[in-house]
Amino acid sequence: MAFPPRACVLVVDDNDANRLLVVETLVPEGAEVIEAASGEAALAAFALRPADVVLMDVRMPDLDGFQTLERLRALPSGEDVPVIFLTALRDLETFDRARAAGAVDFLTKPVRPTELISRVETSILLRRLGVEARDRLVEIRRQRDDLLRVQLQKERLAAFVVHDLKTPLATMHLHATLLARIPRLPEEARESTAAIREQCDRLHQLVMNLLDVSRADEGQLVAHTADVELTQLLREIADELGVQAQARAIALIVEVHADLAARADADLLRRVLANLVDNSLRHTPEGGEVHLRACSTADGGTELRVEDTGPGIPEALRDRIFDPFVQLDSSSSRSGRGLGLAFCRAAIAAHGGTIRVDGSRAGASFVLTLPGARP
């Protein structure tokens, strides 16, 4: 789809970089872009050259986006001009207020160029269509907005769940630890406190995965990278999960070249590898093996592998297994588990790396690739 001839877009944002992104995205597509750094400047620019669509920031000094839109509607040609709000505020209140103010669309920052092009083109063409076709598209857009509102409600619920669960989880873990320190505690009770702590740790991991997958959906999961010494990191993970491996008579083997380092966010990488090792331990039969390997790549990056002697992953599901809440079908003895693998993909993507299933060997083999340091 191409922009209609002489299509004019007014972008209103007090941030120079945001306006530049719009210019560099839309001008090559054939649109004329007029820039305004404030609400007052936007109103003056629109009065001189009415635009076909307006891209409006919400938070601006003096006049905010909602106030600017209200005054824009009073201008000639401004009563029906499509207005798309651009905002970093991905919350239900801002979305509802934007719809009530008469905005036709709502994009959250950082805005993806392809999505920006599509939304602007659609808004311009919709304005130029006949009444009947326009009414149909308006209904489709209303349905889309209803779905987006449900998505925002889901994200808010996830944030509340994460926030409200962290404190009681920490309290439960603390009390179980205190119980375990009682010298004359019966062995059966000691085993129960160990199980409580293990399950608290697992639930905490699930809660953090939920939080980070939500952050990734919003483009807010950021990897703060530094040089990470892999020999120590991999051995620490093996020590943490060693009890689980020993309980099932599974050999947990670390294979890493000495002095090998990766450019990574140490906390995110630790959690990714712990998720993958935990996954492999749960699906490896008693007496099997789980290997945790690391090596350098030819381009200066790092490859990490978590391999097991379990049943493996069917070829048709090797891509889908990283989607949230995917469960393998009943014909497979290997089942998915909610958000663990979805978190792994999001965390590795935040590094600029990749994660995949290697089907060239028996068992399951997860391969992570991290880029090297930038020159």
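In which strand is the place of Asp57? In this predicted model, Asp57 belongs to strand E3. Asp57 counts as buried because its relative accessible area is 5%, and the cut-off for buried is under 20%. Setting aside neighbours within four places in sequence, Asp57 has contacts with Val12, Asp13, Asp14, Gly65, Phe85, Leu86, Thr87 and Lys109.

The protein holds 11 helices and 12 strands. It has 375 residues, of which 44% count as buried. Contacts can also be sorted by how far apart the partners are in sequence. Among those between residues at least 6 apart, 68% join residues at least 24 apart.

Helix H2 covers residues 39-48, and its buried residues are Gly39, Ala42, Leu43, Ala45 and Phe46. Viewed down the helix axis, these buried residues fall within an arc of 165°, so they line one face of H2. On the face of H2 turned away from the buried side sit the exposed residues Ala47 and Leu48.

Between E3 and H3 runs a loop that contains Asp62. Is Asp62 buried or exposed? Asp62 is exposed, because its relative accessible area is 75% and the cut-off for exposed is over 50%. The backbone of Asp62 deserves a look too, as its phi is near 65°, a positive value in a residue other than glycine. Ala249 also has a positive phi without being glycine, with a value near 55°. This alanine is placed in the loop between helix H9 (242-247) and strand E7 (251-256). With 43% relative accessibility, Ala249 counts as partly exposed.

Two further residues show how positions separated along the chain are placed in space. Ala101 is part of helix H4, which covers residues 92-101. At 31% relative accessibility, Ala101 counts as partly exposed. Ala101 and Gln67 stand 34 residues apart in sequence, and their C-alpha atoms are 9.2 Å apart in space. Leaving out neighbours within four places in sequence, the contacts of Ala101 are with Phe66 and Leu69. The second residue is Val120, found in helix H5 (residues 113-128). Val120 has a relative accessible area of 0% and is therefore buried. Along the chain, Val120 and Asp52 are 68 residues apart, and 9.3 Å separates their C-alpha atoms.

Helix packing can be followed through helix H10, which spans residues 266-283 and packs with helix H8, residues 230-240. At what angle do H8 and H10 pack? The angle is about 45°, and the axes are 10 Å apart. H8 and H10 are therefore oblique to each other, since angles under 35 degrees would count as roughly parallel and those from 65 to 115 as roughly perpendicular. Their crossing is right-handed. From H8, the residues that meet H10 are Leu230, Leu233, Leu234, Glu236, Ile237 and Glu240. From H10, the partners are Leu269, Arg270, Leu273, Ala274 and Val277.

H10 also crosses helix H11 (residues 340-350), at roughly 145°, with the two axes coming within 9 Å. This crossing of H10 and H11 is left-handed. Here H10 contributes Leu268, Arg271, Val272, Asn275, Leu276 and Asn279. Facing them in H11 are Gly340, Leu341, Phe343, Cys344, Ala347 and Ile348.

The last topic is the cysteines. A disulfide is a covalent bond between the sulfur atoms of two cysteines. How many disulfides does a search of the whole structure find? The search finds zero. Cys8 counts as buried because its relative accessibility is 0%. Cys295, at 27% relative accessibility, counts as partly exposed.

Methods. Residues are numbered from 1 along each chain as its sequence is written. This is a predicted model: local features need pLDDT of at least 70, side-chain atom pairs count only at pLDDT 80 or more; totals for chains, interfaces and linings use all residues. Side-chain values use heavy atoms; hydrogens and water are left out. A disulfide is a pair of cysteine sulfur atoms within 2.5 Å. Buried means under 20% relative accessible area, exposed over 50%, partly exposed in between (1.4 Å probe, protein chains only). Helices (H or I, at least four residues) and strands (E, at least two) are DSSP runs, numbered from the N terminus. The arc is that of the directions from the helix axis to the C-beta atoms. Contact means heavy atoms within 4.5 Å. Axes are lines fitted to C-alpha atoms, for helices over the stretch in contact, and angles run from 0 to 180 degrees between N-to-C directions. Angles under 35 degrees count as roughly parallel, over 145 as roughly antiparallel, 65 to 115 as roughly perpendicular and the rest as oblique. A crossing is left-handed if the near helix is turned anticlockwise from the far one by less than a right angle, and right-handed if clockwise.
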